[in-house]
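This report goes through a protein model residue by residue and element by element. The sequence and structure come first.

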Amino acid sequence: MASATRAIRDRLKLADFVIEVRDARIPASSVHGDLQPVLSSKRRLIALNKKDLANPNIMNKWIQHFDSRSEDCLLINAHNRNSVKKLLDLAELKLKEVISREPTLLIMVVGVPNVGKSSLINSIHQIAASRFPAQGKLKRATVGPLPGVTQDIAGFKIAHQPSIYVLDTPGVLVPSIPDIETGLKLALTGLTLLQGSVKDSVVGEERIAQYLLAVLNTRNTPLHWKYMNNRRMEGVHYETKEKESALQNLLPKKRKPANESDMLYIQDLVLEVQRALYVTLSEFDGNLEDENDLECLIEKQFMALQKAFKIPSHRDCNEARTIISKKFLTLFRTGKLGPFTLDDVPEAS
């Protein structure tokens, strides 16, 4: 990974423009700190991906924050053609002054693992193929459900006259996690890589789920769900196989692949989970700022979630808590619990 970072630095020297992909749920925590000094000196566009999973009200404040720093920023969904087209149009606009004097331009896409960098490049390829069919079949970037799948740096031609190439890069590990909370945010959104490993089990599914409950409780989110529980929540359409696969884990094992009735089942499950957390928080008479009180509340919520997920009480305790955690994290990561932005917008200096 250190070698990959060095290679990216070398390529950055050649790049005319950089698209830095971040996770819209954690615009600050999903940066690659070591590359920021280099990136800030380049023509750059910050692409906040997975906008459908982020809180739109908070994201508006993040956009204002980047504007105040004179940093170009755009909310995107890497799987949405129109969204990616807007990104390309903005990149081309920013490159106008260079296009007039350079026959070949290089756009580099960078980002920490699993922010959707390879998915974005694949979408760019699809648009490029429709714009420039003479190129023939375009090579696609390798995409996987876990971080770090793209193994080497490769350049892809996306346009003629002038020739524009998109440079793909390997997944770049966060070289250091400044504090525990940043590490937990990365783990919660599925971006964490600790000591070269990518699995939730390294951090601990239960620990990640406990952190999520702590965030929800301290923000009083379950209390806001009260007004949503008297109607069935509208389904969310997922455009990636990873999300569809994850949702299968919430379905009864004997069911066939997800269909409309399965989606209704999941919606009912979401409502049960929301009710469980609302009731436990509304009955809580402790202090959320007291660590011991918060731990007691979370413990009660684990028991409530066990009932909501219909996990038998006679099941082994550790096994049950792992299942609860996995199902709960799946609901969060697929957006079923609603859009969230975990990073707070920095105060204006």
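Threonine 182 touches Ser29 and Ile177, not counting residues up to four places away in sequence; contact here means heavy atoms within 4.5 Å. Threonine 182 sits in helix α7 (residues 180-188), where helices (H or I, at least four residues) and strands (E, at least two) are DSSP runs numbered from the N terminus. Threonine 182 is buried, with a relative accessible area of 14%. Buried means under 20% relative accessible area, exposed over 50%, and partly exposed in between (1.4 Å probe, protein chains only).

The model is predicted: local features need pLDDT of at least 70, side-chain atom pairs count only at pLDDT 80 or more, and totals for chains, interfaces and linings use all residues. Residues are numbered from 1 along each chain as its sequence is written, and side-chain values use heavy atoms, with hydrogens and water left out.

Arginine 22 is in strand β1 and counts as buried at 6% relative accessibility. Leaving aside its neighbours within four places in sequence, arginine 22 is in contact with a list of residues including Pro27, Gln36, Arg44, Ile46, Asn49, Phe66 and Val115. Leucine 75 is 53 residues from arginine 22 in sequence, and their C-alpha atoms are 9.7 Å apart.

Glutamate 71 lies in the loop between α3 (56-68) and β3 (72-75). Glutamate 71 is also buried, with a relative accessible area of 16%. Beyond four places in sequence, its contacts are Arg44, Ile46 and Phe66.

The table lists polar contacts of these two residues. A polar contact is a pair of N or O atoms within 3.5 Å; within protein, one must be able to donate a hydrogen and the other to accept it, and residues adjacent in sequence count only if both atoms are side-chain atoms.

| Side chain of | Partner | Distance |
|---|---|---|
| Arginine 22 | Glutamate 20, side chain | 3.1 Å |
| Glutamate 71 | Arginine 44, side chain | 3.0 Å |

**Strand β4**

Six of the seven residues of strand β4 (residues 104-110) are buried, so β4 is largely enclosed by the rest of the structure. Strand β1 (residues 17-23) pairs with β4 in the parallel sense over four bridges, and phenylalanine 17 stands opposite isoleucine 107 in β4. Strands pair if DSSP finds at least two bridges between them. β4 also pairs with strand β6 (residues 163-168), in the parallel sense over five bridges; there, leucine 105 stands opposite isoleucine 164 in β6.

A nonpolar core is a set of buried Ala, Val, Leu, Ile, Met, Phe, Trp, Tyr and Cys residues joined through side-chain atoms within 4.5 Å. The largest has 69 residues, and those with the most contacts inside it are Ile19, Leu120, Val273, Phe309, Phe328 and Leu337. Helix α9 (residues 205-218) supplies the largest share of this core, eight residues. Apart from this core lies another, of nine residues, among them Ile8, Leu12, Val18 and Leu35.

Phenylalanine 328, leaving aside neighbours within four places in sequence, contacts residues including Ala209, Leu212, Leu213, Leu216, Val273 and Leu305.

Why is α9 described as largely enclosed by the rest of the structure? Ten of its 14 residues are buried, including Ile208, Tyr211, Val215 and Asn217. α9 reaches 20 Å from its first C-alpha to its last, close to the 20 Å expected at 1.5 Å a residue, the expected span being 1.5 Å times one less than the number of residues. Just after α9, asparagine 220 takes a positive phi of about 60 degrees.
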